[in-house]
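The following note sets out numbered remarks on the model shown below. Each point takes up one part of the fold.

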Amino acid sequence: MNTPNPSLPSPLLTEGLGEVSTICALATATGGAIGIIRISGPQMFDILSRVFSKNISDAQPNTIHYGHIKDGTDIIDEVLVSIFRAPHSYTGENCAEISCHGSSYILNKVLALLIENGCQQAGPGEFTLRAYLNGKMDLSQAEAVADLIASNNMATHHIAMSQLRGHFSSKLAQLREQLLKLTSLLELELDFSDHEDLEFADRKELQELTYTIDNHITHLADTFQTGNALKNGIPVAIVGAPNVGKSTLLNALLGEERAIVSDIQGTTRDAIEDTIQLGGVTFRFIDTAGIRHTDDKIESLGIERSKDAAQRARIILLMTEPGVPYPDIVTRDDQTVIHIENKTDTFQAKFGIGLESLKQQLIAAAPKTSETDVIITNARHYDALVRAHEAIQRVIDGLEMQISGDLLSEDLRQALDSLAEITGGQITPNEVLGNIFKNFCVGK
């Protein structure tokens with residue numbers, strides 16, 4: 001658990017009252033059999049006692065209570081109320097969850113009753129924001145909550161769970177501890193600058209340590225490309241000459257007629273994209289125009305886009321058929337190229353022959369993830385890591401040029417500040433927090 005951050009200006013204060021408000025919101029999607037309403041804040045028990053049929057002011061934490069939500073003498077619904085006492089709750093405050101029947105009328109009525117009795121409607125992400133401000137999680141873990149909700153396959157679920165469990169935060173804490181030690185030694189030297197014979201920070205050791213720290217930061221930043229691909233779908237370009245079966249293959253992989261199939265060359269003029277999941281990973285397939293020499297300006301534009309798609313892809317399905325050469329394209333070392341000879345005994349896209357084998361090759365080519373891997377998917381985190389790397393590079397350059405310790409110390413502090421931005425370990429402006437939490441759903 002993290003310590004609360006009292007230096008942050010809290011958006012939770014009730015305007016003009018100087019006290020923390022009690023909030024409520026629907027925490028589940030509408031239209032289901034059950035709907036859950038969350039309440040969090042110091043007045044939770046008082047407000048709930050006015051609308052619940054039982055007195056639960058002395059209820060034990062982590063208990064569930066059966067009763068009715070009432071509006072005066074009218075019973076609104078038969079419910080279960082779960083009690084979580086501060087600080088052992090999601091937000092760190094007194095919390096309750098009311099499990100109602102999923103009727104939109106019932107849910108809206110219960111919310112209205114709570115608001116009439118002193119609750120405020122929660123804003124997007126306000127429950128998680130309170131968890132962060134109350135030291136229940138750091139900022140990167142709070143963002144992982146949104147990623148976990150948005151995860152739509154095993155890979156993105158693994159990444160979000162790893163970050164939520166603090167693996168990324170732990171890596172950053174180790175780096176910050178090393179940087180802080182270096183900064184402290186350099187600043188201690190400055191305090192004793194009158195003693196020219198004193199050198200608390202050995203320059204050779206300092207140089208070796210900065211290289212080690214920079215390697216760790218660079219490695220974390222380099223995972224962003226993989227993380228971004230897993231989050232948005234690994235790009236797979238289907239490339240080949242006209243009429244070798246690229247569109248047929250796309251349709252076969254998707255299991256639907258997504259692309260037009262024709263014997264006429266040059267039918268595909270623009271890239272067609274769609275996604276499927278294989279082995280717990282989302283793949284984004286791009287059917288491209290057939291690559292050949294042509295004087296048709298529109299088809300030529302499509303061919304250029306095909307080459308561009310191949311450059312941007314992580315995996316290339318390079319297709320041909322008997323008697324047709326593979327197209328001449330430039331590939332990178334970090335790309336996986338799978339050669340496919342269509343319309344043969346071993347592969348027939350039209351009839352699905354060889355399709356399962358191809359799917360297994362795609363799964364094998366995808367990055368592997370686990371719930372302990374640290375993979376960056378957040379552009380804000382990537383930007384902070386890049387700035388930390390740039391600051392460390394200035395330290396490395398400064399050591400080589402033997403510049404003074406005060407300038408080195410300043411660059412080290414900038415690296416520390418950049419890493420601190422990721423977890424929220426320094427004062428973060430309210431507008432930054434607002435930008436992070438505004439994309440959360442209400443009730444989270």
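Helices (H or I, at least four residues) and strands (E, at least two) are DSSP runs, numbered from the N terminus. This is a predicted model, in which local features need pLDDT of at least 70 and side-chain atom pairs count only at pLDDT 80 or more, while totals for chains, interfaces and linings use all residues. Residues are numbered from 1 along each chain as its sequence is written, and side-chain values use heavy atoms, with hydrogens and water left out.

1. Overall content. The chain contains 13 helices and 11 strands. Of its 444 residues, 47% count as buried; buried means under 20% relative accessible area, exposed over 50%, and partly exposed in between (1.4 Å probe, protein chains only). Among contacts in the chain with a separation of 6 or more, 63% are accounted for by residues 24 or more positions apart, where contact means heavy atoms within 4.5 Å.

2. Nonpolar cores. A nonpolar core is a set of buried Ala, Val, Leu, Ile, Met, Phe, Trp, Tyr and Cys residues joined through side-chain atoms within 4.5 Å. The largest such core has 30 residues, and those with the most contacts inside it are L249, F283, F285, L317, L358 and L362. Helix α8 (residues 246–254) supplies the largest share of this core, 4 residues. Another core lies apart from it and has 28 residues, including I213, V374, A391 and I392.

3. Surroundings of F283. Which residues are in contact with F283, leaving aside its neighbours within four places in sequence? They are I234, V236, D274, T275, I276, L278, I315, L362, I363 and A366.

4. Helices α8 and α10. The axes of α8 and α10 come within 11 Å and cross at roughly 80°; axes are lines fitted to C-alpha atoms, for helices over the stretch in contact, and angles run from 0 to 180 degrees between N-to-C directions. Helix α8 is therefore roughly perpendicular to α10, given that angles under 35 degrees count as roughly parallel, over 145 as roughly antiparallel, 65 to 115 as roughly perpendicular and the rest as oblique. L249, A252 and L253 of α8 make the contact with L355, L358 and K359 of α10. By class, this contact has 5 nonpolar, no polar and 1 charged residues; Ala, Val, Leu, Ile, Met, Phe, Trp, Tyr, Cys and Pro count as nonpolar, Asp, Glu, Lys and Arg as charged, and the others, Gly among them, as polar.

5. S247. Helix α8 also holds S247. Is S247 buried or exposed? With a relative accessible area of 9%, S247 is buried. The C-alpha atoms of S247 and I272 are separated by 9.0 Å, the two residues being 25 residues apart along the chain.

6. Helices α4 and α5. Helix α4 (residues 139–150) and helix α5 (residues 154–164) have axes that come within 8 Å and cross at roughly 155°, and the two are therefore roughly antiparallel to each other. Helix α4 passes α5 in a left-handed crossing; a crossing is left-handed if the near helix is turned anticlockwise from the far one by less than a right angle, and right-handed if clockwise. On the α4 side, S140, Q141, E143, A144, V145, D147 and L148 meet H157, A160, M161, Q163 and L164 in α5. The contact of α4 with α5 has 6 nonpolar, 4 polar and 2 charged residues.

7. Helices α11 and α12. The axes of α11 and α12 come within 8 Å and cross at roughly 165°, which makes α11 roughly antiparallel to α12. Their crossing is left-handed. Residues making the contact include R380, A384, A388, A391, I392 and V395 of α11, together with L408, L412, A415, L419 and I422 of α12. By class, the contact of α11 with α12 has 12 nonpolar, 4 polar and 5 charged residues.

The peptide bond from A86 to P87 is cis, with omega near 0°, and P87 is placed in the loop between β4 (74–84) and β5 (95–101). K343, a residue other than glycine, has a positive phi near 60°; K343 is found in the loop between β11 (336–341) and α10 (355–365) and is partly exposed, with a relative accessible area of 39%. Q402 likewise is not a glycine and has a positive phi of about 55°. The loop between α11 (379–400) and α12 (405–423) contains Q402, and at 72% relative accessibility Q402 counts as exposed.
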